[in-house]
Amino acid sequence: MLTFVNWRRERERSELGFWSMGFGVGATGVLLLGLRGLLADLWTIGAGNALVFIGVGYLWQGFRAFDGRTVHHFPVLGLATIWMVAYLAIPGFAQDVNARIILSSLILAFELSMMALTIWRGNETEPLPTRPVLTVMLLIYCAMTLGRIPPSIFFPAHEVNGVTVSLWFGPLTFMLHIISLLCGFGIFSLSRERLLLEYKRASETDMLTGILNRRAFMERLNGAFGQGGLLVLADIDYFKRINDTFGHGGGDAALVGFVRTVETQLSDGIIFGRFGGEEFALFVPGNGNQTGFDFCENLRKTVELSHYKWRDKTIQTTVSIGAHCVPPDSNNLENALVAVDSALYAAKHSGRNRVVLFDERLGAGGAEAGEPAETMAFGAILSPQA
């Protein structure tokens, strides 16, 4: 009922629909199994077990949907069909409790193992804390299910008035139900972790461009700053003119296009975020002066040659870039931000569409506010005219 209510509220989450179906169909099967002696065995033992297998199968498919994989109905219905064919067509099977235990254990163990495998594979793309726990619980469930087979062979159970009598059957079945409940809680925990992760991503993501927002960028920068690297501020030139010419929709298209262009130049480990408006920040771990210089200049040229479509119009932009090489073991982030901001100011003040690299050896952390650009301490200015 809980998964069903949540699915009715969030229809786009198909995994909730499959889990609701699995729990509902499985619960109906368990109810029929509980009515043994009151209804015909065909409905309680035959149809009841088949519905349990279908229910567990759709729980398995729910995990496939949870990770964006294709849902397969054939194996779910096929396993239930195998059970019904055996129950109806194999002579003596319906009356042999041990044969039923062996086949049902094999079917259920297969579904549980596939469920565990699906959850574990999802950990490669989306590691969630509950995934390994739920995987282990399902494997224990699977092992205990298979553990019913040897006693069925060597210490066969028997039925009295429709009730299975054995020293091992009751306790083992009870343990299986306990683990089933724990697996159900695991499903809710997994869904909650996914939801919290989505909220966290939303709180860290710039809604327009999909990259890190300023707060998230600063958090990542704090973690990587001590290893040293290239700190970069990039500002799209004459952005107000773009907004005035093409409207805010065109301005948004230019921002998104700029971000997609920059992303083509990024390698693993580079932190990229939107500082606000048309200003963006990058941190490239480990880059020295010359390689950092080359990286920024290549970025500037790529942006200059790019075009962004907006309706039937084409938008072309350039970018001014300020950069600062942060030495390893540096711990003064504020000074680094002042330096790179000063470099960006110099790039814009000296004509835009160029790269300015701040050099601490030639000055003391850049210019004060309002200081003329020509008195600032910079190592070089690269531009199309240079």
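**Overview. The whole chain at a glance.** Of the chain's 386 residues, 47% count as buried (under 20% relative accessible area; exposed is over 50%, partly exposed is in between, using a 1.4 Å probe and protein chains only). This is a predicted model, in which local features need pLDDT of at least 70 and side-chain atom pairs count only at pLDDT 80 or more, while totals for chains, interfaces and linings use all residues. Residues are numbered from 1 along each chain as its sequence is written, and side-chain values use heavy atoms, with hydrogens and water left out. The chain has twelve helices and ten strands (DSSP runs numbered from the N terminus: H or I with at least four residues for helices, E with at least two for strands). Look at contacts (heavy atoms within 4.5 Å) with a separation of 6 or more, and 68% of them come from residues 24 or more positions apart.

**Close-up 1. Helices α5 and α6 side by side.** Here α5 (residues 97-122) packs with α6 (residues 130-146) at an angle of about 165°, and their axes are 9 Å apart. Axes are lines fitted to C-alpha atoms, for helices over the stretch in contact, and angles run from 0 to 180 degrees between N-to-C directions. The two helices are therefore roughly antiparallel (over 145 degrees; under 35 is roughly parallel, 65 to 115 roughly perpendicular and the rest oblique).

**Close-up 2. Who meets whom between α5 and α6.** On the α5 side, the residues in contact include Leu108, Leu112, Met115 and Trp120, and the α6 side brings in Leu134, Leu138, Tyr141 and Cys142, among others. The contact's residues split into 15 nonpolar, five polar and one charged (nonpolar is Ala, Val, Leu, Ile, Met, Phe, Trp, Tyr, Cys and Pro; charged is Asp, Glu, Lys and Arg; the others, Gly among them, are polar).

**Close-up 3. A salt bridge between Arg194 and Asp67.** These side chains meet at 3.8 Å, N to O; a salt bridge needs a side-chain nitrogen of Lys or Arg within 4 Å of a carboxyl oxygen of Asp or Glu. Arg194 sits in helix α8 (residues 169-204) and Asp67 in the loop between α3 (41-66) and α4 (74-89), so the pair ties together parts 127 residues apart in sequence. With 12% relative accessibility, Arg194 counts as buried.

Close-up 4. Arg131 pairs with Glu126, their closest N and O atoms being 3.2 Å apart, and both residues are buried. Asp312 and Lys313 pair up at 3.5 Å, N to O. Asp312 is exposed at 68% relative accessible area, whereas Lys313 is partly exposed at 40%. Shared partners link Asp67, Glu126, Arg131 and Arg194 into one network of salt bridges.
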